[in-house]
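Subject: A structure to look at

Hello,

Here is the structure I promised to pass on to you. Please open it first, then read my notes below.

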Amino acid sequence: MKIDVLTLFPGMFAGPLDESIIMRARKAGLLDLKLHNLRDWTHDRHKTVDDRPFGGGPGMLLKPEPIFEAVESLRREKTRVILMSPAGRKFDQASARELAQQEDLLFVTGHYEGFDERIRESLADDELSVGDYVLTNGALPVMVVIDAVTRLIPGVLGDDESSQDESFSAGSAGLEYPQYTRPAEFRGMKVPDVLVSGHHAEIEKWRREQAKRRTQERRPDLLE
Ligand code: 21W
């Protein structure tokens, strides 16, 4: 998969996408990730990317010219262009699965008070938010989306890493059951007897009950 990111803050991406599973996917050629600085598509001395809203109001908007030029030069035949914005539809595991089917994504991340509406109207195939809270820009959100999508690209996760995936992840069946590793007793806190008993049917039953109870208590919305 090819992912391009158009951002005002390419420096923010150093680190999160250079470690662990994402970096492994990049090195394996399963993810071709490229960052692009929006200011590279400006033509004035000050590299202006924003301007004041017509009609007044606080803050600045990303102006159309640099973003149109950038998207037109970066997009190819099959590219899905996705705006990151707090006004987008809420990103979830189903959106991640859907994006993982694409071969070519171009994310445009915002800043300030948002985008000139013509960017949304004529360039964007989709607009995504990562949740109902206000961030300073779209860099962290797009990293969240890239992380969630990359691990779904076939071949990125090993069998061990992916086996658990769908059935017990938040957003599908519900929350995880409680898990323990050694030691069987730590500072007086004991691992439940059933887990050390070796009775596999009993363990399964306990896990199902615990997961259900936990989901009911914390995330009743996941049980429809
Ligand atoms: C924050 C942009 C607030 C715009 C009209 C007048 C991308 C984000 C962002 C930002 C506003 C995401 C308005 C969850 C986020 C992002 C920067 C508000 C209001 N409309 N997901 N004023 N949260 N945030 N504009 O903040 O770019 S995805």
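Below is what was found in it, from the overall form to single residues.

This is a predicted model, in which local features need pLDDT of at least 70 and side-chain atom pairs count only at pLDDT 80 or more, while totals for chains, interfaces and linings use all residues. Residues are numbered from 1 along each chain as its sequence is written, and side-chain values use heavy atoms, with hydrogens and water left out.

Let's begin with the whole chain. It has 8 helices and 9 strands (DSSP runs numbered from the N terminus: H or I of at least four residues for helices, E of at least two for strands). The radius of gyration is 22 Å, whereas a compact globule of 224 residues would have one near 17 Å (taken over C-alpha atoms; the globule rule is 2.2 Å times the number of residues to the power 0.38). The C-alpha trace spans about 70 × 40 × 35 Å along its principal axes.

Next, the largest pocket, with a volume of about 370 Å³. A pocket here is an open set of points on a 1 Å grid over the protein atoms alone, where a 1.4 Å probe fits, with protein on both sides within 12 Å along at least five of seven lines; lining residues have an atom within 4 Å of a point. The volume is the space filled by probe spheres set on the points, which are joined across faces, edges and corners. Of its 22 lining residues, Met84, Ser85, Pro86, Leu135 and Asn137 are closest to the centre. Strand E5 (80–90) and strand E7 (126–129) each supply at least two lining residues, and E5 gives the largest share, 4 residues.

Finally, two backbone details are worth a look. Arg182 and Pro183 are joined by a cis peptide bond, with omega about 5°; Pro183 lies in the loop between helix H6 (159–162) and strand E8 (185–186). Ser20, in helix H1 (residues 20–27), has a positive phi of about 55° although it is not a glycine.

Best wishes
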